[in-house]
Amino acid sequence: MVEYRIDRRSGVATYLQIVQQTQQALRLGLLAPGDKLPTAREVVEATAINPNTVLKAYRELEREGLVEARRGLGTFVRRTLGAAAPADSPLRAELADWARRARAAGLDREDAAALFGAVLDENFPKGEQ
């Protein structure tokens, strides 16, 4: 089951953080079709956010066709996203090693994210699939 982490200083709306974290879990294979998302109550208890915020995020995920609400049962994953390497792939291990080296070189999280984002932009130009 996915555990949401809310960063109140990020500038990203809370419901969007839930949507993005769910999408990331789908891309990484951490969530699969048929898996149940945490209930709104569980998310509220874990994150101290408004229940309507959770419901807004789940409605957005449902609008995107990623999840479906089943009355009285919960919210379930309908489909996955992309063809990302699974969490235990060699690519993940290489990326983790790179992140450790970046940290050892003195980069902070934001610096590493900016560098990685720039490399992604060079290798995956916007507009290409």
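Predicted model: local features only at pLDDT ≥ 70, side-chain atom pairs only at ≥ 80, totals over all residues.
Trainee: Let's start with the overall build. How many helices and strands are there in the protein?

Mentor: Begin with the inventory, then look at the order. The protein has five helices and two strands. Going along the sequence, the pattern reads α-α-α-β-β-α-α.

Trainee: What does the C-alpha trace span along its principal axes?

Mentor: About 50 × 30 × 30 Å. Of the 129 residues in the protein, 24% are buried. And among contacts with a separation of 6 or more, 54% are between residues 24 or more positions apart.

Trainee: Now helix packing. At what angle do helix H2 and helix H3 pack?

Mentor: Take the angle and the axis distance together. H2 (residues 40–47) and H3 (residues 51–63) pack at about 125°, and their axes are 9 Å apart. An angle between 115 and 145 degrees is neither roughly perpendicular nor roughly antiparallel, so H2 and H3 are oblique to each other. The crossing of H2 past H3 is right-handed.

Trainee: Which residues make that contact?

Mentor: From H2 you have Ala40, Val43 and Val44, and from H3 there are Pro51, Val54, Leu55 and Tyr58. Sort them by class and the H2 contact with H3 comes out as seven nonpolar residues, with no polar and no charged ones.

Trainee: Let me try the other pair. How do the axes of H4 and H5 cross?

Mentor: The axes of H4 (residues 90–104) and H5 cross at roughly 130° and come within 10 Å. That makes H4 oblique to H5. The H4 and H5 crossing is right-handed.

Trainee: And which residues of H4 and H5 make the contact?

Mentor: Leu95, Trp98 and Ala102 are on the H4 side, with Ala112, Leu115 and Phe116 on the H5 side. By class, this contact of H4 with H5 has six nonpolar residues, and again you'll find no polar and no charged ones.

Trainee: On to single residues. Is Thr75 buried or exposed?

Mentor: Look at the relative accessible area. Thr75 has 13%, and under 20% means buried, so Thr75 is buried. Its place is in strand E2 (residues 74–77).

Trainee: Which residues does Thr75 touch?

Mentor: Skip residues up to four places away in sequence, and Thr75 touches Asp35, Lys36, Leu37, Tyr58, Val67, Glu68 and Ala69.

Trainee: Where does Ala48 lie, and what is its phi?

Mentor: First the general idea: most residues other than glycine have a negative phi. Ala48 has a positive phi of about 60° although it is not a glycine. You'll find Ala48 in the loop between H2 and H3. At 62% relative accessibility, Ala48 counts as exposed.

Trainee: How far apart in space are Glu110 and Ala48?

Mentor: Here, keep sequence separation and spatial distance side by side. Glu110 and Ala48 are 62 residues apart in sequence and 25 Å apart in space, C-alpha to C-alpha. Glu110 sits in helix H5 (residues 109–123), and with a relative accessible area of 54% it is exposed.

Trainee: What separates the C-alpha atoms of Glu45 and Val12?

Mentor: They are 33 residues apart along the chain, and the C-alpha separation is 20 Å. Glu45 lies in helix H2 and counts as exposed at 64% relative accessibility. Val12 is in the segment before H1. Val12 is partly exposed, its relative accessible area being 33%.

Trainee: What is Val12 in contact with?

Mentor: Set aside its neighbours within four places in sequence, and you get Gln17 and Gln20.

Trainee: One last thing, Gln21. What does its side chain reach?

Mentor: The side chain of Gln21 reaches the backbone oxygen of Arg5 at 2.5 Å. Gln21 has its place in helix H1 (residues 14–27). Apart from neighbours within four places in sequence, Gln21 is in contact with Glu3, Tyr4 and Arg5.

Terms used: Residues numbered from 1 in each chain as written. Heavy atoms only, no water. Helix = DSSP H or I, 4+ residues; strand = E, 2+ residues; numbered from the N terminus. Polar contact = N/O pair within 3.5 Å; in protein donor to acceptor, adjacent residues only side chain to side chain. Contact = heavy atoms within 4.5 Å. Axes fitted to C-alpha atoms, helices over the stretch in contact; angles between N-to-C directions. Parallel < 35°, antiparallel > 145°, perpendicular 65-115°, else oblique. Left-handed = near helix turned anticlockwise from the far one by under 90°. Nonpolar A, V, L, I, M, F, W, Y, C, P; charged D, E, K, R; others polar. Buried < 20%, exposed > 50% of the residue type's maximum accessible area, 1.4 Å probe, protein only.
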